Each structure stands twice: as C-alpha cells, then as structure tokens.
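Subject: A structure for you to explore

Hi,

Here is the structure I promised to pass on to you. Please open it alongside this email, and then read on for what turned up.

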Amino acid sequence: MPSIRFEPQCTTPKALVIMFHGVGSSPKSLRSLAEYLHQHCSEIEVRVPVGFSPSPLNPKGFHWFDITDITEENRLDRVLDVMPAFDQLIRKEAQDAGVPLNKVILLGFSQGTIMSLEWFKQSRDAVAGIVGIAGRFAELPKQTPQCNAPICLIHGEQDSISDPAHAQQSYDRLSALNIKTELNLLADTGHKVTAAMHLLCRDFIQRHI
C-alpha cells in the first residue's frame with residue numbers, strides 16, 4: 001500500500017502536513033482531506049504514510065498499534081511500544097521534504113490522533129501544531145509537555161466509536177496546563193471526516209505555518 005504525497009506549488013515547501021489514518025484503514029481514507037489542503041494551501045507539502053502493520057479489522061487496512069484485547073490499562077503501553085518508530089517516521093518525512101520540525105503539522109484521525117497526541121507528550125522537540133480528529137490521549141498528560149505546540153481538537157458529537165467526552169477532557173486538561181488548545185465539537189457528526197472538518201483543518205494550518 002503506497003503512501004500519498006502532494007507536493008507544494010512552489011520550489012521549497014513553507015511547511016509540511018503529515019496525516020495519520022485510523023485503525024483498519026489506509027492513506028486513501030484521508031485522500032480527500034489531503035487534496036483539499038493541497039488545493040487551498042499551495043505552499044505546503046502533504047504526506048499521508050501507511051500504518052506500521054496490517055490490521056485484522058480489514059484485509060486492506062493497517063494500524064499504528066494493535067488493538068487486539070485493548071483495554072484502558074494496556075492502551076498506553078501499546079502506543080509506547082511503537083513510539084520510537086513513529087518518532088523516526090515523523091523526522092524522516094520532515095527531512096525528506098526539506099522542512100524543519102518546527103514547520104511540521106501532525107494531523108491524525110482516530111488512532112492517528114492517539115499517536116500524534118502521545119508523540120506530543122513524549123517529544124522534546126516542538127512542531128508547528130497538531131490537529132486531532134475523532135481521537136484522544138491514551139492517557140491524559142499529567143504535566144506540561146516539553147513540546148509546547150498549539151493543538152486543535154475536532155470531534156463529532158454523535159461519534160459512537162470514540163466518545164466525544166474524550167475531546168472535552170483533553171481540552172480541559174491541556175488548557176489547565178497552559179497549552180494553547182482549541183476544541184471544535186460538531187453536532188450531528190459521527191466517526192468520520194467531514195467537509196466542515198476540512199475547513200477547520202485549513203484554518204488552523206494557515207494560522208500556524
């Protein structure tokens with residue numbers, strides 16, 4: 001399964017957006033959002049890599065970490081097991097694009113959001129920002145992370161896969177830790193990426209690159 005890449009309409013990208021799909025899915029699931037951002041943010045490069053392993057949920061899908069017998073107690077350990085590889089992936093994508101890490105925006109959906117937010121907790125280096133759609137922290141941060149990047153949380157209020165209460169809890173905790181965070185709860189929206197989310201992602205990216 002190939003990754004997806006959209007090059008900027010200029011010689012050197014002003015910024016890089018790396019997008020991470022959900023469990024049991026693939027880069028194709030984020031193609032429409034990637035195309036939209038490419039069309040409306042002409043100076044950025046967009047890359048959508050493939051999850052680390054094939055997913056048992058879908059013969060054509062992948063995941064970043066295994067969710068077999070996943071629980072609240074073991075979720076964080078699953079994430080931390082693959083975090084070194086995730087960190088290496090982010091840095092390699094930035095290096096290949098010729099973009100410094102502080103000009104990179106991480107954009108995740110569902111499990112991709114979990115990985116992005118947990119990377120935020122672990123990293124000593126800052127990125128330009130993080131967009132988390134329909135996801136959560138594996139474990140809420142207990143102290144202010146060294147990666148002091150702005151965060152945009154987007155969640156459908158009718159999401160039956162990932163409880164929107166997680167987005168509110170994340171927003172409350174990040175705000176308490178003085179992390180610049182915005183929360184967008186969308187009515188009548190389930191576990192998916194919508195056109196309204198496209199606009200929110202574009203607005204956040206344009207403000208932080």
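Let's begin with a term: a salt bridge is a side-chain nitrogen of Lys or Arg within 4 Å of a carboxyl oxygen of Asp or Glu. Please keep in mind that this is a predicted model, in which local features need pLDDT of at least 70 and side-chain atom pairs count only at pLDDT 80 or more, while totals for chains, interfaces and linings use all residues. Residues are numbered from 1 along each chain as its sequence is written, and side-chain values use heavy atoms, with hydrogens and water left out.

**Salt bridges**

The structure holds 14 salt bridges. Which residue forms a salt bridge with Asp125? The partner is Arg91, and the closest N and O atoms of the two are 2.7 Å apart. This pair links distant parts of the chain, since Asp125 sits in the loop between helix 3 and strand 7 (129-133) and Arg91 in helix 2, 34 residues apart. Helices (H or I, at least four residues) and strands (E, at least two) are DSSP runs, numbered from the N terminus.

To describe how covered a residue is, I use three words: buried means under 20% relative accessible area, exposed means over 50%, and partly exposed is in between (1.4 Å probe, protein chains only). Asp125 is partly exposed at 34% relative accessibility, and Arg91 is partly exposed too, at 32%. Salt bridges that share partners also join Arg5, Glu7, Glu45, Arg47 and Glu93 into one network.

One more pair is Arg75 with Glu72, where the closest N and O atoms are 2.9 Å apart. Arg75 is buried at 12% relative accessible area, whereas Glu72 is partly exposed at 46%.

**Helix 2**

Helix 2 runs over residues 75-97. The expected span of a helix is 1.5 Å times one less than its number of residues.

Where does helix 2 have a kink? Look at Met83, shortly before the proline Pro84, for a kink of about 45°. The bend at a residue is the angle between axes fitted to the seven residues ending there and the seven starting there.

The buried residues of helix 2 include Leu76, Val79, Phe86 and Ile90. Its buried residues pack against strand 2 (15-20), strand 3 (44-48), strand 6 (104-109) and helix 3 (111-122). After helix 2 comes Gly98, whose phi is positive, near 70°.

**The nonpolar cores**

In soluble globular proteins, nonpolar side chains tend to be buried together. A nonpolar core is a set of buried Ala, Val, Leu, Ile, Met, Phe, Trp, Tyr and Cys residues joined through side-chain atoms within 4.5 Å. Which of the 34 residues in the largest nonpolar core touch the most other members? They are Val104 and Trp119. Strand 2, helix 2, strand 6, helix 3 and strand 8 (151-156) each give two or more residues to this core, and helix 2 gives the most, with 9 residues. A second, separate core has 28 residues, among them Tyr36, Met197, Phe204 and Ile205.

Contact means heavy atoms within 4.5 Å. Leaving aside its neighbours within four places in sequence, Trp119 is in contact with residues including Met83, Phe86, Ile90 and Asp125.

**Two more residues to look at**

Glu118 lies in helix 3 and is buried, with a relative accessible area of 0%. Its side chain reaches the backbone nitrogen of Ala138 at 2.8 Å; a polar contact is a pair of N or O atoms within 3.5 Å, where within protein one must be able to donate a hydrogen and the other to accept it, and residues adjacent in sequence count only if both atoms are side-chain atoms.

Phe52 is found in the loop between strand 3 and strand 4 (53-54) and is partly exposed, at 32% relative accessible area. The C-alpha atoms of Phe52 and His63 are separated by 6.1 Å, with the two residues 11 apart along the chain.

Enjoy exploring!
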